[in-house]
Amino acid sequence: MSTLAQPALARSSHIDASSRGLSATGILRSEWIKLRSLRSTWWSFGIIVAIQIGMAVLFSLTATDRFGEISGAQATDAAVSVTSVGLIFGQLVIAVLGVLVISGEYATGQIRSSFMAVPSRLPVLAAKAIVFSIATFVVTLVSIVVAYFVTMPILAGAGVQANPFDGTLWLHFIGAATFLVMIGLISLGIGATLRSTPGGIAASLGLLLVAPTILVVIPAAWANTLAGWTPSSAGQGLYYWGGTFEPWQALLVMLGWVAVFIATAAVLMKRRDA
Amino acid sequence: MIEAQSLTKRYGQRTAVDAASFTVRPGKVTGLLGPNGAGKSTTMRMIVGLDRPTSGSVRVNGHFYAEHSAPLHEVGALLDAKAIHSGRSAYNHLLALGATHGIGSARVREVIDLTGLQAVAGKRVGGFSLGMGQRLGIAAALLGDPQTLILDEPINGLDPEGVLWVRGLLKHLAAEGRTILLSSHLMSEMAMTADHIIVFGRGRVIADAPVADIVGQGAVTSVRVSSPQAAELARLLAAPDVQITSASGSTLDVAGVSAATIGGVAASNGLVLHELTTVTGSLEEAYLRLTADEVEYHTQSVTPEVVR
């Protein structure tokens, strides 16, 4: 720290005319650098991969007797249920990460640096949502596909002949990855609204875990119906077909939840002092 | 150029900034001086659009901050050293910040070298000392090579070498024709760094003038005289526009008469003088005088009885 450069260097020699000004790609790149340069991101995604593959292997080893000799659509369903069983835990991890991605900025004061660079603010939220969604989608899809190929020989040994060239199999997988993206975006909206890590995680896990449990316990038809509409329940329709909602209906319900929380966050972000 | 017009910020009942109007001109270091809670930081946050004014407005180079298409090239700000995610390295923080404006790693390394952070650039910011955090904040402010710099208490936590460096840097940047606004509650620091001072007290601008004027206008010049015949000298000097206070039995503080006059009076009456000194008010005294009624948090002097 003893040798400081001369102040004359403050006049930059590395800013050229072409790099002057805010841009959408610049803000996206900034959010990507932010996401990849924090340990919490790598921990969370690492845990998702581990859970997704680990749970699938465990489930395939213990549940082989259950399926019997099946093929075709039945085998595809069996393969989907084996490879997606980890999502029940994965959604909790992605919910925590979704909150942290934004609440971490408020907790540390980073948000002031972010808003000084992008004073219109909303592009920060949009870029964060896009980058986080893409990362979550890719990580989830890759871990599910790996889980599928790891468990395929185990299932085949038990008589489940899931065909990897079955197009619907891949639609299921894409639905599963979309499910975690939606959960992540809901949590991002909650985190940006509450601006607090503990508060955001509590609210997010409350919505995913506590709300459906309480609604199911209430002895009324409306409560049970409502329980089916909560994100963790309705979202299952994206990858586990044949439930209350068709996949496209499940997608609409999830997009509705995302819209409510992200829109609330956007309005407050624009209005509040940072 | 920063122009504030009737800038006001209220938090519920509390008025943090009260109809403040001022202009910060380029080519000079302008100091924002005031006691804690006077509204300095709130004013700075409003300049860069983090806080929305309750009424009034503030513009940078003729535009609201949010209207600039390249805010980081227009204004660089160090608001507090904690505006950085503690889990990220200094290098990645600057890289992410610069990326929004298409500023690449070459410029990031340049400001890291400039602020002397080479050795710790790859380390997570959470482990930084206050001084290193300040250097990183200054690096972030310089990142876009801005025309205007806003620094809230920049020398907080810096070692003496760092303080000298910041002073030199600010004067150099001002000499390049940039607009520099820095805040401090340390008047001695202001006297050393600033050319022009805006004094805040309870959210209001209570003085806005060159450093020399603030010192001259707020402080009284007096003459300290020490003499074994102090009482007789005081009697001879007595006049309607002369104020004499006695510090001890043999020492007088005389205001309203020059040292030369007092010396003459003493000589013509055969009085012995042990000391005859003109005391010029410091910026510190001027500041305390100006803000005497404007301090938000008064402290009580601790008397020996209280201590016991």
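Q: How many residues of chain B are in contact with how many residues of chain A?

A: In this predicted model, the interface is read by listing the residues that each chain brings to it: 48 residues of chain B are in contact with 41 residues of chain A. On the side of chain B that touches chain A, helix 2 (71–74), helix 3 (90–99), helix 4 (105–114), helix 5 (130–142) and helix 6 (160–175) of chain B each supply at least two residues. Sorted by class, that side of chain B consists of 23 nonpolar, 15 polar and ten charged residues.

Q: What is the secondary structure of chain A, and in which order do its elements run?

A: Chain A comes to twelve helices and two strands, and from the N terminus on its elements follow the pattern α-α-α-β-α-α-α-α-β-α-α-α-α-α. Taken along the principal axes, the C-alpha atoms of chain A fill a box of roughly 80 × 45 × 35 Å.

Q: Where does UniProt place the feature "transmembrane region" in chain A?

A: The unreviewed UniProt entry places this feature at residues 42–62, 82–104, 125–150, 170–194, 201–222 and 248–269 of chain A. Such a record can then be set beside the coordinates, span by span. Over residues 170–194 of chain A the model is 100% helix and 0% strand, with the end C-alpha atoms 36 Å apart, and residues 201–222 of chain A are 86% helix and 0% strand, with 27 Å between the end C-alpha atoms.

Q: At what angle do helix 8 and helix 12 of chain A pack, and how far apart are their axes?

A: Helix 8 (residues 167–194) of chain A packs against helix 12 (residues 247–271) of chain A at an angle of about 20 degrees, and their axes are 8 Å apart. Because angles under 35 degrees count as roughly parallel, helix 8 of chain A is roughly parallel to helix 12 of chain A. The crossing of helix 8 of chain A with helix 12 of chain A is left-handed. Among the residues that meet there are A:Gly175, A:Met182, A:Leu185 and A:Ile186 in helix 8 of chain A, and A:Met254, A:Trp257, A:Val258 and A:Phe261 in helix 12 of chain A. The contact of these two helices of chain A divides into 14 nonpolar, four polar and no charged residues.

Q: At what angle do the axes of helix 5 and helix 9 of chain A cross?

A: The axes of helix 5 (residues 87–108) of chain A and helix 9 (residues 197–217) of chain A cross at roughly 155 degrees and come within 9 Å. Because angles over 145 degrees count as roughly antiparallel, helix 5 of chain A is roughly antiparallel to helix 9 of chain A. The crossing of helix 5 of chain A and helix 9 of chain A is right-handed. Residues making the contact include A:Gln91, A:Leu92 and A:Ala95 of helix 5 of chain A, together with A:Thr197, A:Gly200 and A:Ile201 of helix 9 of chain A. By class, the contact of helix 5 of chain A with helix 9 of chain A has nine nonpolar, six polar and no charged residues.

Q: In what order do the six strands of the open sheet in chain B lie?

A: Strands of a sheet pair through backbone hydrogen bonds, either parallel or antiparallel. In chain B, six strands form an open sheet in the order 5-6-7-3-8-9, with mixed pairing. Its edge strands, each pairing on one side only, are strand 5 (75–78) and strand 9 (204–210) of chain B, and neighbouring strands of this sheet are turned against each other by 15 degrees on average, direction ignored. Within the sheet, strand 3 (residues 29–33) of chain B pairs with strand 7 (residues 179–184) of chain B in the parallel sense over five bridges, and B:Leu33 has B:Ser184 in strand 7 of chain B as its bridge partner. Helix 5 of chain B packs on the sheet, touching strand 5 and strand 6 (148–152) of chain B, and the direction of this helix makes about 170 degrees with that of strand 5 of chain B.

Q: Which pairing, parallel or antiparallel, does the open sheet of three strands in chain B have?

A: The three strands, in the order 2-1-4 in chain B, have antiparallel pairing. The edge strands are strand 2 (14–24) and strand 4 (55–60) of chain B. Strand 1 (residues 2–11) of chain B pairs with strand 4 of chain B over five bridges, with B:Ile2 standing opposite B:Val60. Helix 1 (residues 40–47) of chain B lies across strand 1, strand 2 and strand 4 of chain B, running at about 115 degrees to strand 1 of chain B.

Key. Residues are numbered from 1 along each chain as its sequence is written. Chains are lettered from A and ligands numbered from 1 in the order in which they are written. This is a predicted model: local features need pLDDT of at least 70, side-chain atom pairs count only at pLDDT 80 or more; totals for chains, interfaces and linings use all residues. Two residues are in contact if their C-beta atoms, placed from the backbone, lie within 7 Å. Helices (H or I, at least four residues) and strands (E, at least two) are DSSP runs, numbered from the N terminus. Ala, Val, Leu, Ile, Met, Phe, Trp, Tyr, Cys and Pro count as nonpolar, Asp, Glu, Lys and Arg as charged, and the others, Gly among them, as polar. Axes are lines fitted to C-alpha atoms, for helices over the stretch in contact, and angles run from 0 to 180 degrees between N-to-C directions. Angles under 35 degrees count as roughly parallel, over 145 as roughly antiparallel, 65 to 115 as roughly perpendicular and the rest as oblique. A crossing is left-handed if the near helix is turned anticlockwise from the far one by less than a right angle, and right-handed if clockwise. UniProt positions are given in the numbering used here, feature names are shortened, and annotations may be inferred rather than shown by experiment. Two strands pair if DSSP finds at least two bridges between them.
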